[in-house]
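Student: I'd like to learn how to read salt bridges in a model. Can you walk me through some?

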Amino acid sequence: MKTFDELYRDILKRKIRLDEPLPADYDPYHLDCLLHPEKYAPVLHIDECQECAYERACQNSCIFDAIRPDEEGKLTIRPDLCAGCEACIEACRDGRLTASRDVLPAMKAVREAKGPAYMMVAPAFFGQFSEKVTPGQLRTAFKALGFTGMVEVALFADILTLKEALEFDRHVQHTGDYQLTSCCCPIWISMIRRIYHELMPHVPGAVSPMVACGRMIKRIHPDAVTVFAGPCLAKKKEAREPDIADAVDYVLTFQEIQDIFQAADIRPEELADLEKEHASSAGRLYARTGGVSHAVSEMVDQLRPDREIHVRSEQANGTKACMEMIRRIKEGQTDANFFEGMGCAGGCVGGPKAILDVEEGTRHVDAYAGKAPYNTPLENPYVRKVLEELGLGTVEELLTEDELLVRDFS
């Protein structure tokens, strides 16, 4: 019988169509996972566990308690609890777990879209599909796949930088006050909400740049199909959260995008360069650890140059380091007042579905940020255009905007 990955590859060879007969001898459960990924957790159990030689390492690795025994004692993955951190995939040495794939329903939705279809790329995208591929060539490649256009989510990281800076100015007034960033990593936010929920008052209710981008597109084009591409499996779960499920229709990883290019025989490096510059250096740096802290610190100083209390940031990489940082916060062992947690080492560029290793990915992100025509969101004219589209006359009104940029953490 074909494995899950073999079935996935066989279907991709059919140019992402199911018109032709399916390959013989496959597991119907595997096909259902590929056709209806929304029914399952971001991590799939693709092979039966007869007897675990590793003392249920997958269950022991899950900090969210998403892997539980069913009535027969078999371990199952709870879709409502799985955050998509992939710790269990790494822990299972027998390879019985894998990341879900959203390629088939996503591309079907793009082909059948009644309105425009937009690909929204994470700030970590630069260099992932070869050093030779420019952002403009990637934009052309997505148009060749049927997308109306490509939007850099880094533009909305610019806007969230402004909001986080204003939130910092409002909430951090005295020594001992602090803020936990809320606008980037879904694993970080899941940890706080589920494990350290007593710290939620220190988290501003801001959506992620991905969600802000999707909501903005759907405000302008209500019938649009929105697809996000990034290095993170956890974004698939974030897009399904009830209070923000209106923003992003499908999430694909960089590896899935590469699979699509190969199946469709699209070589981005050979295509025309449709160059557009929308994001500042600050927004592009969100892709790596320290990027959010740097952007918010710079923006607080620019918005409130006379402020006595400046941003003193601290960052953590990976779930263990995040938990250690939270321990020190709770025990008063740090004098920082702005905390940035990243579920992956190195930040988003270290995501499990990145194509490049974290060092090379970071190098590309830094280089791309260095080429930005604008240094900060306040200098970015496209930020002003978005604010005008939101009906906001001043930057400060971002604190009262509650439709696109705010989420309900209750």
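Student: Is arginine 328 buried, partly exposed or exposed?

Tutor: Keep in mind that this model is predicted. Buried means under 20% relative accessible area, and exposed means over 50%. Arginine 328 comes out at 21%, so it counts as partly exposed.

Student: Which side chain does arginine 328 meet in a salt bridge?

Tutor: Glutamate 314, at 2.2 Å from N to O. Arginine 328 sits in helix α14 (residues 318-330) and glutamate 314 in strand β10, 14 residues apart. Glutamate 314 has a relative accessible area of 15%, so this one is buried.

Student: How many salt bridges does a search of the whole structure find?

Tutor: It finds 35. One of them joins aspartate 169 to arginine 304, with the closest N and O atoms 3.0 Å apart. That pair links distant parts of the chain: aspartate 169 belongs to helix α7 (residues 154-171), while arginine 304 is in the loop between α13 (291-303) and β10 (313-317), 135 residues away.

Student: What about accessibility at the two ends of that pair?

Tutor: Aspartate 169 is buried at 18%, whereas arginine 304 is partly exposed at 26%.

Student: Which glutamate forms a salt bridge with arginine 304?

Tutor: Glutamate 396, whose closest N–O distance to arginine 304 is 3.6 Å. Glutamate 396 lies in the segment after α16 (381-389), so the pair ties together parts 92 residues apart in sequence. With a relative accessible area of 35%, glutamate 396 is partly exposed.

Key: Residues numbered from 1 in each chain as written. Predicted model: local features only at pLDDT ≥ 70, side-chain atom pairs only at ≥ 80, totals over all residues. Heavy atoms only, no water. Salt bridge = Lys/Arg side-chain N within 4 Å of Asp/Glu carboxyl O. Helix = DSSP H or I, 4+ residues; strand = E, 2+ residues; numbered from the N terminus. Buried < 20%, exposed > 50% of the residue type's maximum accessible area, 1.4 Å probe, protein only.
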